[in-house]
Amino acid sequence: MDTSTLPVPAPTAGAVPPAADDAARLRATAGFVREQDTAVLLSRVLPGLDGPELRALTERCRFAHAALLVFPPDEQTLRSELAACGLTADAPPQPSVVVRQRLAARHRRAAADLDVRILRPGVPGPAGEHRAVEVFALTVPPGSGLAALADHERAADHEAHLAFDVVQPDPLVLRGLLAGFLSHGAAADGGGYNPHENGTVFYFTAPAGTKTPYPRVELYASGDHRDILTEHLGRTPAGRPAPAPAVHTEAETLLRLLTGAWTTQALAACVRLRLPEALDPRTGTTPAALARTVGADPQALETLLRYLAMLGVLSQHADGYRLTGVGALLHSNAAASMRPLALMYGGPFYQSFAHLAHAVRTGRPGFDHLYGENHFDHFARDPELAALFDQSMVSSAAIFEPLPAHPVLTAAAGAAGPPRTVVDIAGGTGELLGRVLTAHPALRGVLLERPAVLEAARTHLAGTAAADRCGFRAGTFADVPAGGDVYLLSRVLHDWDDERCREILRHCAEAMPAHADLLIVERLLPDDDSPSLATAWDLHMLCNTGGRERTAAHYADLLEAAGLHLRTHTPLPLGAHTLHARKA
């Protein structure tokens, strides 16, 4: 979109009645929200953000609303102005703690005298997705002592901003997003926790070269993240108001950390009770009705529902509880449903984590200590559990979305001569190989897996465009098929210690012709102490498989020992990377 078409939030000075001025600003803001694409907008907000980094950021947050502060003489006038712009606010207005504090600081007034309310009338995005115009409203009747404040704020438009909702705002993702905004020139500009909504906002001043007329950007994370907010407020420049400071003791921080296990089990209970299947994202369901549907005690269920709403999995409305976008990921029919992950992390892996201290003391997995065998052997003896594990691996399929476009695969697909072959080593049910073959009809594939898994893989791939171009090979790492053109090794090496990794890579190298490429998909530990999903998964691998996450340099050393050379590594979603290696 040409930036010349973007509405300028600040009004033009002139003899425009304030109410009419507010109506024009509302109309322009609604039009802006309707048109924007998240990726394009992020690239304009943060100049220099492009490629994989832009893709990763787009996957972790989505454009949610544009905001403005208006000063109606009364609530009825505001409702009329909204209606004239095609905006309808169904929910009652909520108090705005953050904007009230900012206004109080700027104008040296008591916050209690500034009754700022929030309305969020919905606006459809380009693809029909739900968005909103966030309207902060401070009623200023004619002759009010707040008239000068209103005139100043209309002219300066301090509260006009763009907002992005954080998808699944766990601490690692949230810290990574904040660091990403800062690294591209945005400056911390306060924030706050709103207990009325149980949401945390992080404000930034847009970089000097930003290509939108909005000077401020908000990241909104559902839930209470006041520990991270405290860090963010500490970055706010001196002299700039830091509203709604987080009064947050170290003991309170520790209590929230200690109760993380409750969250895991609440999510596991959510899917075991089939709540995502019983709830609707558009129409509320009362606890009593839901209890009858899922067969639960109404009072106990309501306790769980309140907790899930606090997490952002559900939302509470006048007509009951609704499923949010985050909660929809737990629905069994969702694409790449995360239901299996919730059952694994709240089941066998949850139980084994009780033996983390043993793993740290001995260097042996807590899983082995609890079950008396490693998790691969344990799953092999329990077909139902093995199937759940395979399904949980598909839950993270978002990692694979950009991979078919990797230059190695596009080059193989476009090569002259006979069709090139992609070999997926220990590729599970074939989720990745199926995507690659579907994206590139000229390629053929071979999936190497254990016999028990191959049956599920045949079923999975039978309904895809890759079905007639994929062969299946039963075997172990010692049976890597020779003569392939591209070899895939996805989320395998982190299951094993260094010695076993070198052995696996030697089997790959022995099977690879001189021209062949090896693509490895793994999470990479950062070289510094920056937040990373790989750091959490490193602990998971220690406790459950005896493996580990590694840095790129560590993988390079393992590859060199097998006669392979790491050429490049590129980022993927969910903290993963593609490592490209060839024979040395």
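Seven strands make up an open sheet of mixed pairing, in the order β14-β13-β12-β15-β16-β18-β17. The model is predicted: local features need pLDDT of at least 70 and side-chain atom pairs count only at pLDDT 80 or more, while totals for chains, interfaces and linings use all residues. Residues are numbered from 1 along each chain as its sequence is written, and side-chain values use heavy atoms, with hydrogens and water left out.

**Terms for strands, helices and axes**
- Helices (H or I, at least four residues) and strands (E, at least two) are DSSP runs, numbered from the N terminus.
- Two strands pair if DSSP finds at least two bridges between them.
- Axes are lines fitted to C-alpha atoms, for helices over the stretch in contact, and angles run from 0 to 180 degrees between N-to-C directions.

- Opposite V446 in β13 stands V423.
- Helix α26 (residues 552-561) lies across β16 (517-523), β17 and β18 (576-583), where contact means heavy atoms within 4.5 Å.
- The helix α26 runs at about 150 degrees to β17.

**H406**
- The loop between α20 (383-394) and α21 (407-414) contains H406.
- H406 counts as buried because its relative accessibility is 9%; buried means under 20% relative accessible area, exposed over 50%, and partly exposed in between (1.4 Å probe, protein chains only).
- Not counting residues up to four places away in sequence, H406 touches L519, T570, T578 and H580.

**Aromatic pairs**
- Rings of Phe, Tyr and Trp (its six-membered ring) pair if their centres lie within 6.5 Å; planes under 30 degrees apart count as stacked, over 60 as edge-to-face and the rest as tilted.
- The count by this rule is 12 aromatic pairs.
- F349 and F379 form a tilted pair, because their planes stand at 55 degrees, with the ring centres 6.3 Å apart.
- This pair links distant parts of the chain, 30 residues apart: F349 belongs to helix α16 (residues 348-353) and F379 to helix α19 (residues 375-380).
- Both F349 and F379 are buried.
- F367 and Y371 are also a tilted pair, at 4.5 Å centre to centre and 40 degrees between the planes.
- F367 and Y371 are separated by about one helical turn because they are four residues apart in helix α18 (residues 366-371).
- F367 is buried, with a relative accessible area of 0%, whereas Y371 counts as partly exposed at 24% relative accessibility.
- Ring pairs join Y345, F349, F367, Y371, F379 and F389 into a cluster.

**Charges over rings**
- A charge sits over a ring if NZ of Lys or CZ of Arg is within 6 Å of the ring centre and within 35 degrees of the ring normal.
- R102 has its charged end over the ring of Y203, 5.6 Å from the ring centre.
- R523 has its charged end over the ring of W537, 4.2 Å from the ring centre.

**Strand β1 and its partners**
- Strand β1 (residues 61-70) is mostly covered, with nine of its 10 residues buried.
- β1 and strand β6 (residues 161-166) run antiparallel and are joined by six bridges; H65 stands opposite A163 in β6.
- β1 also pairs with strand β5 (residues 130-137), in the parallel sense over six bridges; A67 stands opposite E134 in β5.
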